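Visitor: I am new to protein models. Could you show me how to read one, feature by feature?

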Amino acid sequence: MSEPSKQEMVVSVRTMEIITALLFLVFGFVVMTGSIKLGASWGSDGPQSGYFPFYISLIILLSSAVTLYQAVFQNKEKKQEAFVDKEPFRQVMAVFIPALVFILGVQLIGIYVSSAIYIAVFMVWLGKYAYWKAIAVGLGVSIALYVLFEVWFQVPLPRGTWFNPLGIVGVQ
Amino acid sequence: MEEINLLFQGFAVAMSPFNLMLMLVGVTLGVIIGVLPGLGGANGIAILLPLTFTMPPTSAIIMLSCIYWGALFGGAITSILFNIPGEPWSVATTFDGYPMARNGKAGAALTTAFTSSFVGAFFAIVMITFLAPLVAKFALQFGPPEFFAVYFLTFCSFVGMNKGSPFKVISAMMLGFALATVGMDTVTGQLRLTFGNHELMRGFDFLIAVIGLFGIGEILLSMEEGLSFSGATAKIRSQIVWETWKQLPKYWATSLRSCLIGCWMGITPGGATPASFMSYGVAKRVSKRGENFGKGEMEGIIAPETAAHAAGTAALLPMLSLGIPGSPTAAVLLGGLLIWGLQPGPLLFVEKPDFVWGLIASMYLGNLAGLFVVLTCVPLFASILRIPFSIIAPIIIVICAVGAYTVHNATFDVWLMMGFGVLGYIFKKLDYPMAPMVLALVLGDRAEDSFRQSMLMSQGSLEIFFSNYLVGSITALALGLLLWPLVGKLTKKKAVQAGNS
């Protein structure tokens, strides 16, 4: 970074543009090889399964190649432009990483218990709320979900593949 | 007038007490969704879709479309009181709405916004009432090549109307098409691009994409901005409403112009957001008090709000009559219709007139209900925004997870939703548009079917798309829009050269 900016940036817009365009290219190649394997030409009964995706992948490759070219050679001034600064990035991660843990929780122990824990922890950790308030909101939302979905609309929500905590209180 | 008769039959369907109750519930939910950051019309409806599975289709669509109207109204509340656009289409409303609220005229600003929204929506609904049946009748003659040409036109107009890089629009759109092909091939029954993965056999459902892109992505973005709400308080007294209504008629020209801009942008998939900006820009240029725009001018609220609502409503015209949604929210509604086994398109008007006209009638009633709800309950909705973000954010993520799970009862989809959330965050920051991607994901299969059928008809020759006047002119129009950015670039270069010399 040649120019000191007000805030430290994590990554520049230019770098992100290049990474995104490269990922598009990789995606295009994956789709292209996949559709060639399926058969991308004209079969006995008309166009084969890979016919349409093949052309789609071709357009992806072309358009993202242009985007890549523009990012690398034309829009060099975006090097100084921050895609995200350090502090906001920390904020984003503070939401994102707990959310991933929450979803892991949904898979393993079901949605009701993980939601209650997730909301309560989030409120205490980021919102600096008193424990009892956080626990009350967490439990409240979980119970509301249960009543709304399982009782009222009869749509079952995930119970947990590893352990079903609701089993303890006798709910199947 | 056949339409009027059918419309009155529609009112009879929509007026049942159960449906009227659903309207009120829908509008209220919609306003809440519109007010909350991270929940908008498209993903809000996507999340609530599973709750309507047990209802009869007409009631379900009435409730869902009312959520949409509510969300359109709700965006204005946060724009005016908090200077935070709850929805992208209400960004332009903040320009004059927030200054007006700061000058102590919050009540008048809100009344203006709601009334203009209602006028815009009403205009668009009248247009739908009379135009949609004609378009549908006309489209009954369409064969596969014509349908593909219309799809092509839809997608080309995204390229032509987007201000950013056309290549990014194309990349995002093609990503949507590619993801749509994953799973079972509808023609041959072959599995495609699943790479042996069982979870991918279901394919990528666009509802998951919508919840992730617009919901999770939006939460991540709001987090970055470090939201702190501080806003004007408002209570609308009936006296203010009357006084504002008395002033509104003198802006009839702005209203009418904004209605037309909105309808045009809604039918062609420009959408509500560009419509509101365009209308604001035009009003600023044309108005005698143009230099006061941005300081709290009533006209500056009328223009974007009318256009946004007209566009948001008009987006349902191609959805109903052709089966092509004009906006991501219309796409989600279309997804709902498909789930109930209703195939939107020209035949719907012939086969299910009760449903179509019930829906159209409910648009009139729903918007009226919306106007009533927002005018009376503003303080209540504004107080929702005072709930701190550290409570709202995890709750919205939980709701999104529930919404994503209930689409197919699969936890894998919840992971996918997070993936789409990251994608949405990056796309938003790098100016890759999300609407064309979502529409490509929705229409991918049908666009492909009509393309393959056309290719079968012509034995692989692209000339079929120019084989008669109808399909030829649609294709030509589409190609024109596709190449439009190129034309713009050339003329700009010339202008720069002329300026230099």
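This is a predicted model: local features need pLDDT of at least 70, side-chain atom pairs count only at pLDDT 80 or more; totals for chains, interfaces and linings use all residues.

Visitor: How many residues of chain A are in contact with chain B?

Guide: Start with contacts on both sides. Here 61 residues of chain A are in contact with 59 residues of chain B.

Visitor: What is the area buried between chain A and chain B, and which atoms give it?

Guide: Look at the total, then at the atoms behind it. The total is about 5400 Å². Carbon and sulfur atoms give 80% of that area.

Visitor: How many salt bridges does the rule find across the interface of chain A and chain B?

Guide: The rule finds one. It pairs E17(A) with K168(B). Their closest N and O atoms are 2.8 Å apart. Polar contacts are counted separately: seven residue pairs between chain A and chain B, both residues at pLDDT 80 or more.

Visitor: Which elements make up the chain A side?

Guide: Ask which elements give two or more residues. In chain A these include helices α1 (13-38), α2 (51-74) and α3 (86-109), and strand β4 (82-85). The residues on this side divide into 45 nonpolar, 14 polar and two charged.

Visitor: Now the inside. Which residues touch the most other members of the largest nonpolar core?

Guide: That core holds 213 residues. Among those with the most touching members are F83(A), F114(B) and F177(B). Helix α16 (residues 353-385) of chain B gives the largest share, 19 residues. Now follow one member across the chains. F177(B) touches F52(A) and I56(A), and also residues of its own chain, including F155(B) and A440(B). Another core lies apart, with nine residues, among them I18(A) and M32(A).

Visitor: Is R14(A) buried or exposed?

Guide: Compare its relative accessibility with the cut-off. R14(A) has 16%, and buried means under 20%, so R14(A) counts as buried. It is found in helix α1 of chain A. Beyond its sequence neighbours within four places, its contacts include A71(A), V72(A) and N75(A).

Visitor: Which residues other than glycine have a positive phi?

Guide: Take two cases. L193(B) has phi near 50 degrees. D431(B) has phi of about 65 degrees. Check the place of each one next. L193(B) lies in the loop between β2 (191-192) and α8 (206-225) of chain B. D431(B) lies in the loop between α18 (411-430) and α19 (435-458) of chain B.

Visitor: Are L193(B) and D431(B) buried or exposed?

Guide: Read the accessibility again. L193(B) is buried, at 10%, whereas D431(B) is exposed, at 56%.

How values were computed. Residues are numbered from 1 along each chain as its sequence is written. Chains are lettered from A and ligands numbered from 1 in the order in which they are written. Side-chain values use heavy atoms; hydrogens and water are left out. Contact means heavy atoms within 4.5 Å. Buried area is the accessible area (1.4 Å probe) that two parts lose on being put together, summed over both. A salt bridge is a side-chain nitrogen of Lys or Arg within 4 Å of a carboxyl oxygen of Asp or Glu. A polar contact is a pair of N or O atoms within 3.5 Å; within protein, one must be able to donate a hydrogen and the other to accept it, and residues adjacent in sequence count only if both atoms are side-chain atoms. Helices (H or I, at least four residues) and strands (E, at least two) are DSSP runs, numbered from the N terminus. Ala, Val, Leu, Ile, Met, Phe, Trp, Tyr, Cys and Pro count as nonpolar, Asp, Glu, Lys and Arg as charged, and the others, Gly among them, as polar. Buried means under 20% relative accessible area, exposed over 50%, partly exposed in between (1.4 Å probe, protein chains only). A nonpolar core is a set of buried Ala, Val, Leu, Ile, Met, Phe, Trp, Tyr and Cys residues joined through side-chain atoms within 4.5 Å.
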